[in-house]
Amino acid sequence: MSAPGRGRPLLLSGSAAVLLLVAGCGSSSKTKSTQASTASTAQQAIAPASTSQPSTPATSTVAGLVTVSSAGVTATLHAGTHHPKVNQAWPIRFTVTSAGRPAKASVSYEYLFGGQVVAHRSHYTFTGHFSDVFRWPSSAVGYPLTFRAVIVSEGATVDLDYPVQVTA
């Protein structure tokens with residue numbers, strides 16, 4: 001069995017194997033950012049910062065909005081819908097602050113099926129605000145997935161989980 005995030009597929013059975021392909025096939029394109037930069041491959045492993053402190057983050061969820069605060073860092077994900085359409089733009093935005101001010105941060109994407117990470121994609125750095133547009137592939141239609149944005153800022157790691165079910 002291959003290790004996830006190493007550029008080789010993870011061997012899974014049934015629909016989980018399909019989802020590994022699903023989650024790794026979408027495309028995203030950075031639309032605007034302050035000091036944004038793209039890292040290497042889409043299957044890059046995401047390693048949390050070694051200085052992150054375990055804590056119980058405060059989470060707030062409103063339609064289209066997820067906010068999590070941990071270790072003085074507040075991260076917010078804005079997404080339009082939990083039912084994105086295949087191959088159509090699905091815009092997402094992030095805001096990260098510390099003590100009420102824009103904070104330097106990075107965001108990486110993970111895709112979950114049944115609570116298990118089945119793929120990693122993208123890595124960007126920014127200060128305060130970041131926007132991206134994602135297009136879900138047709139192979140994702142009908143599966144209950146979770147889009148996870150992993151935010152790392154000032155030694156804190158924050159997971160912003162957003163359930164999606166792609167429609168045709």
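Trainee: How many contacts beyond four places in sequence does the model have for residues 1-26, over which pLDDT stays under 50?
Mentor: This is a predicted model, and pLDDT is the predictor's own confidence in each residue. A further stretch where pLDDT stays under 50 is residues 31-56, with 57 contacts beyond four places in sequence. For residues 1-26, where pLDDT also stays under 50, the number of such contacts is 45.

Trainee: Among the elements of the chain, which has the highest mean pLDDT?
Mentor: For the chain as a whole the mean pLDDT is 75, and 63% of its residues reach 70 or more. Among the elements, the lowest mean, 33, belongs to strand 2 (residues 37-38). The highest mean, 98, is found over residues 101-102, which form strand 7.

Trainee: Which residues touch the most other members of the largest nonpolar core?
Mentor: The largest nonpolar core has 35 residues. Among the elements that give two or more residues to this core are strand 4 (65-70), strand 6 (89-98), strand 9 (116-127) and strand 12 (156-165). In soluble globular proteins, nonpolar side chains tend to be buried together. Within this core, the residues that touch the most other members are Phe94, Trp136, Phe147, Ile151 and Leu160.

Trainee: Is the pair formed by the rings of Tyr111 and Phe147 stacked or edge-to-face?
Mentor: The structure holds 14 aromatic pairs, and a pair of aromatic rings is described by the distance of the centres and the angle of the planes. For Tyr111 and Phe147, the centres are 5.9 Å apart and the planes stand at 65°. Planes over 60 degrees apart count as edge-to-face. The angle of 65° is therefore what makes the pair of Tyr111 and Phe147 edge-to-face.

Trainee: How many residues apart in sequence are the parts that the pair of Tyr111 and Phe147 ties together?
Mentor: Tyr111 is buried, with a relative accessible area of 2%, and Phe147 is buried as well, at 0%. Tyr111 belongs to strand 8 and Phe147 to strand 11, so their pair ties together parts whose separation in sequence is 36 residues.

Trainee: With which residue does the side chain of Ser98 make a polar contact of 2.8 Å?
Mentor: Ser98 lies in strand 6 and is buried, with a relative accessible area of 16%. Leaving aside neighbours within four places in sequence, Ser98 is in contact with Gly72, Ala103 and Glu154. The polar contact of 2.8 Å joins the side chain of Ser98 to that of Glu154.

Trainee: Does Ser106 count as buried or exposed?
Mentor: Ser106 is found in strand 8, and, leaving aside neighbours within four places in sequence, its contacts include His123, Tyr124, Phe126 and Ile151. A residue under 20% relative accessible area is taken as buried. The relative accessibility of Ser106 is 13%, so this residue counts as buried.

Technical notes
Residues numbered from 1 in each chain as written. Predicted model: local features only at pLDDT ≥ 70, side-chain atom pairs only at ≥ 80, totals over all residues. Heavy atoms only, no water. Core = buried A, V, L, I, M, F, W, Y, C linked by side-chain atoms within 4.5 Å. Buried < 20%, exposed > 50% of the residue type's maximum accessible area, 1.4 Å probe, protein only. Helix = DSSP H or I, 4+ residues; strand = E, 2+ residues; numbered from the N terminus. Phe/Tyr/Trp six-rings, centres within 6.5 Å; stacked < 30°, edge-to-face > 60°. Contact = heavy atoms within 4.5 Å. Polar contact = N/O pair within 3.5 Å; in protein donor to acceptor, adjacent residues only side chain to side chain. pLDDT = per-residue confidence, 0-100.
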